[in-house]
Amino acid sequence: MSSAATLTKSTAIELQFATFYVGELLLALPIDYVQEINRNLDLTEIPHASEHVRGVINLRGDVATVIDLRRILGFSQAEVTSQSRNLIVRSGDESIGLWVDRIADIISITSDSITPAPANISGADGRFFKGVYRSDSEIVVILNVQEVLDVE
């Protein structure tokens with residue numbers, strides 16, 4: 001390939017995301033954050049915890065805090081269904097469970113196909129969203145994982 005062709009070639013990077021639903025909102029987070037998808041919904045409640053903290057689970061000897069993503073995003077508390085899951089993510093040395101309504105797919109998209117997120121999506125605070133990807137059939141909202149985990 002000539003150097004002229006190299007300069008005009010797109011600098012878009014292919015990225016992989018894990019997708020999941022919170023209510024009818026299709027969300028995604030970079031696959032690098034995902035440690036595992038867990039069906040363990042047998043939580044131990046924590047007295048006086050914030051309303052978005054569902055409790056803790058035993059994750060093979062480690063304790064993981066489970067956060068109700070619905071509550072953080074301004075929805076009503078998640079109901080336990082056969083499709084409810086904990087999306088276990090890493091934050092530093094800690095494992096944290098994000099309680100989601102159901103898991104969708106792993107998708108690959110190019111960085112240049114992600115557009116900035118509107119300031120307000122479904123009544124939720126826009127700081128929780130990094131961007132939006134429009135597929136042929138759906139809109140996927142890219143979650144700002146660090147903002148979600150920083151909620152007190």
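Which side chains meet in a salt bridge at 2.7 Å, N to O? Glu-51 and Arg-71 form this contact. A salt bridge is taken as a side-chain nitrogen of Lys or Arg within 4 Å of a carboxyl oxygen of Asp or Glu. The pair links distant parts of the chain, 20 residues apart. Glu-51 lies in the loop between strand E3 (34-38) and strand E4 (53-59), and Arg-71 lies in helix H2 (residues 69-72). Helices (H or I, at least four residues) and strands (E, at least two) are DSSP runs, numbered from the N terminus. Glu-51 is exposed, at a relative accessible area of 57%. Arg-71 is partly exposed, at 24%. Buried here means under 20% relative accessible area, exposed over 50%, and partly exposed in between (1.4 Å probe, protein chains only).

The model is predicted: local features need pLDDT of at least 70, side-chain atom pairs count only at pLDDT 80 or more, and totals for chains, interfaces and linings use all residues. Residues are numbered from 1 along each chain as its sequence is written, and side-chain values use heavy atoms, with hydrogens and water left out.

The structure holds five salt bridges. Another of them joins the side chains of Asp-68 and Arg-54 at 3.2 Å, N to O. This pair also links distant parts of the chain: Asp-68 sits in strand E5 (residues 62-68) and Arg-54 in strand E4, 14 residues apart. Asp-68 is buried, with a relative accessible area of 0%. Arg-54 is buried as well, at 14%. A further salt bridge connects Arg-70 with Asp-101 at 2.8 Å, N to O. Arg-70 belongs to helix H2, whereas Asp-101 falls in the loop between strand E7 (94-100) and strand E8 (102-110), 31 residues away. Both Arg-70 and Asp-101 are buried.

Six strands build an open sheet in the order E8-E1-E2-E13-E12-E9, with mixed pairing. Its edge strands are E8 and strand E9 (114-115), each of which pairs on one side only. Two strands count as paired if DSSP finds at least two bridges between them. Strands of a sheet pair through backbone hydrogen bonds, either parallel or antiparallel. Strand E1 (residues 14-22) runs antiparallel to E8 over seven bridges. Within this pairing, Phe-20 has Ile-103 in E8 as its bridge partner.

Strand E13 (residues 139-143) is mostly covered, with four of its five residues buried. Strand E2 (residues 25-30) pairs with E13 in the parallel sense over two bridges. Strand E12 (residues 129-134) is joined to E13 by five bridges, and the two run antiparallel. The bridge partner of Tyr-133 in E13 is Val-140. A hairpin of four residues connects E12 to E13.

The largest pocket has a volume of about 180 Å³. On a 1 Å grid over the protein atoms alone, a pocket is an open set of points where a 1.4 Å probe fits, with protein on both sides within 12 Å along at least five of seven lines; lining residues have an atom within 4 Å of a point. Its lining includes Glu-51 and Arg-54, which take part in salt bridges to Arg-71 and Asp-68, respectively. Other lining residues include Leu-41, Leu-43, Ile-46 and Gln-77. By class, the lining has five nonpolar, three polar and three charged residues. Ala, Val, Leu, Ile, Met, Phe, Trp, Tyr, Cys and Pro count as nonpolar, Asp, Glu, Lys and Arg as charged, and the others, Gly among them, as polar.

Note on methods
Grid points are joined across faces, edges and corners, and a volume is the space filled by probe spheres set on the points.
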